[in-house]
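I am opening my notebook on a structure that is new to me, and I will write down what I look up as I go.

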Amino acid sequence: MELSLNHVDYLQVGVTSQKTMKLLPAVGRKATQKVAVADHDGVVNCFGMKKGEAVPVFKSLPGQKISRLELGGALGTPQEKIFVCSGSEVRGYTKKGKQFLSFEANLTESINAMHVSGADLFVCASYIYNHYCDCKDQDYYLSGDKINDIVCLPVETVGRTVPILACQDRVLRILQGSELLYDFEVPGPPSVLELHNRDGGKNGEEVLYGTADGKLGLVQLTSSAPVSKWEVDNEKKKGGVLCIDTFDILGDGVKDILVGRDDGTVEVYGLDSSGEPTLRFENVLSESVTSIQGGCVGKESYDEVLTTTYTGWVSGLTTEPQQMEAGPGDEVKMSRETQAKVAALRAELEQLQVKVMQGREKYQQSSQSNTAVSAVPVFSINDRFTLCQDDASYSLTLEVQTAIDNLLLQSDVPIDLLDVDKNSAVVSFSECDSEPNGNFLLATYRCQANTTRLELKVRSIEGQYGTLQAYVTPRLQPKTCQVRQYQIKPLSLHQRTHSIDQDRPMNTLRLVGQFSFAEIHSWVVFCLPEVPEKTPAGENITFYFQNTFLGTQLEASYCKGEGNFKSDNISTISILKDVLSKEATKRKINLNISYEVNEDSVSHTLKMIHPKLEYQLLLAKKVQLIDALKELQVHEGNADFLIPEYRSILDESACLLEEYKKQPAHLERLYGMITDLFIDKFKFKGQNVKTKVSQLLEILDNYDLNSLMDFFNDA
């Protein structure tokens, strides 16, 4: 069965956070549902639809930014009380808009995740989880990394309180009271949790999770251990998952999974007879989807997928047909309802045009006045700077509540800008004086009209660290600009992992000195991405990392006065040694540095680089041949006389050129890694081999793995 859904816009509120829109339970069997949505202006807006018009039920007064909206009520009754959190306060409203609760959690940080179940309230702020029952403190837990979301298994089914925390370090933590019961490792940083079928499935133990790198999964959390049911990979490189819901939109009696992503993709997954998900519908909006719900809003008997986007648009993908088809000579009769809708839209358009004219006149008068004061318009930016595992690049996503005019990128470290298919902005590069000012990149993106979201990809070089700055200018008067800064770390292409292969040949770096646990942790945070800024609880800690470009690994374990770092890549150890000693010198701390170099690790790293280098050399060779082969083809009239290998190069020429264009400076990067490996190997022996680099490059031009390894051994 093919699913056909039509897009309709209902209402626009202010900028919204993740999970701030819910549908209230329907009163009758076929009645439409009311929508409750909260925004950054601190307003809770509840409305219903009547004859195609949004009719307000209630609207609260503005206040502090609202970060979550949940529904609650006594267990076993319809969940129709609205709970919102802003700052460290939780407020409760009845479905008519009367405020019945104002609870101050007295947390030092703002609440960023919340769950309500009967008289139980669960809140999370950065690293802290708190459980309150009837507004009295019950349980407390300090997580090892930032908490992104929280959900609880249904008490009425499971018979006990089981909170699940989605933590940034790729782990779901399952709690019992104030203690950790067990944890479950997920393939990416989990960004959202939702109960399967809204009730946890048959046993009330099934939880859906979405990750920041776009993966989706289902796990059964039994009382003793987790059981992974299925996992959907993000093969098409879609955005990260921001919201999930379950609702039977296909009408086959099985609840489907609705997914909203940060690149504007809305997906519907149907479950087959074996319970495996298959994609049944996809629609792309122009901005990130912060909330998603399945229900009946616009017209009774027509189900729909309701979404809220970052800039506050509440819109539906409805099963109600939105257009009529007519053949030649057919009369199209508009219903009274449609005629009224068109008339209302025309009237609204005229009102808006008058408002714009008045606003322009007022602005012209005030801009020529001597007494008027120019105020900088405030606008909010939603930005993400995340490492993509598949192509070892950083994805920078910027979303603004109004249209972006232009974006200027500036970097004080060498980085490559990669092509992004979704990006339609025109980019131009400016000359940089990299030597005296340390300015390596100046690029301007000029956006097309009504672009509110921009996605860029950059790739850094490990060992070179600094700051990438983005200057965002929206189409606002007077012209104003906001600057965002992103740190490029010394080991920027490393990603946290749960375990490493201990059988690889490892190099070791050991630091001993008069430093505290907090100091060495701050140095590790400075060097590596995905490390929590807060100093871990306890006296020592071990982190595992993997290089997303090469697949080499790193183990970092440290405590007060001592740090041990192990890696199968000698260049990683060399970068750590240089950066850590520089940081210690800044703080006037005397370090005793010792290291053990494993000779086998160099050939092991070269073997890991080999397939990538071979592939890139072959690609470069094929691309060089394309023009000559095309000329031959034109000259001879066809390509039948060519050998099959050359014919396949001609057939695939478009793909080859596309791939070559997508990987700028890829070969140079691999050459650079091998050169660094060569210099670092001998640096640890106290030898300077920079004079032999030209010989090394000659060998790389006529590449052969064995001759390269011989050169490394004989130098």
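In which strand does S411 lie? I looked it up in this predicted model and found S411 in strand β31, which covers residues 404-411. I then checked its accessibility: S411 has 0% relative accessibility, and because buried means under 20%, S411 counts as buried. Leaving out residues up to four places away in sequence, I noted that S411 touches G438, N439, F440, L441, T467 and L468.

Next I turned to strand β19, residues 206-211. I found that 6 of the 6 residues of β19 are buried, so this strand is largely enclosed by the rest of the structure. In a regular strand the side chains alternate between the two faces of the sheet. For β19 I wrote down that E206, L208 and G210 point one way while V207, Y209 and T211 point the other way, and that all are buried.

Which strands pair with β19? Strand β18 (residues 190-195) runs antiparallel to β19 and is joined to it by 5 bridges, with E194 having L208 as its bridge partner in β19. Strand β20 (residues 216-221) also pairs with β19 in the antiparallel sense over 5 bridges, and here V207 has V219 as its bridge partner in β20. The hairpin of β19 and β20 has 4 residues between the strands, and in it G214 takes a positive phi near 90°.

Last, I looked at the rings. I recorded 15 aromatic pairs in the structure, and one aromatic cluster is formed by F517, F543, F545 and Y558. I also noted K81 over the face of F100, at 5.9 Å from the ring centre, and K534 over the face of Y127, at 5.9 Å from the ring centre.

Key:
Residues numbered from 1 in each chain as written. Predicted model: local features only at pLDDT ≥ 70, side-chain atom pairs only at ≥ 80, totals over all residues. Heavy atoms only, no water. Helix = DSSP H or I, 4+ residues; strand = E, 2+ residues; numbered from the N terminus. Buried < 20%, exposed > 50% of the residue type's maximum accessible area, 1.4 Å probe, protein only. Contact = heavy atoms within 4.5 Å. Phe/Tyr/Trp six-rings, centres within 6.5 Å; stacked < 30°, edge-to-face > 60°. Lys NZ or Arg CZ within 6 Å of the ring centre and 35° of its normal. Pairing = 2+ DSSP bridges.
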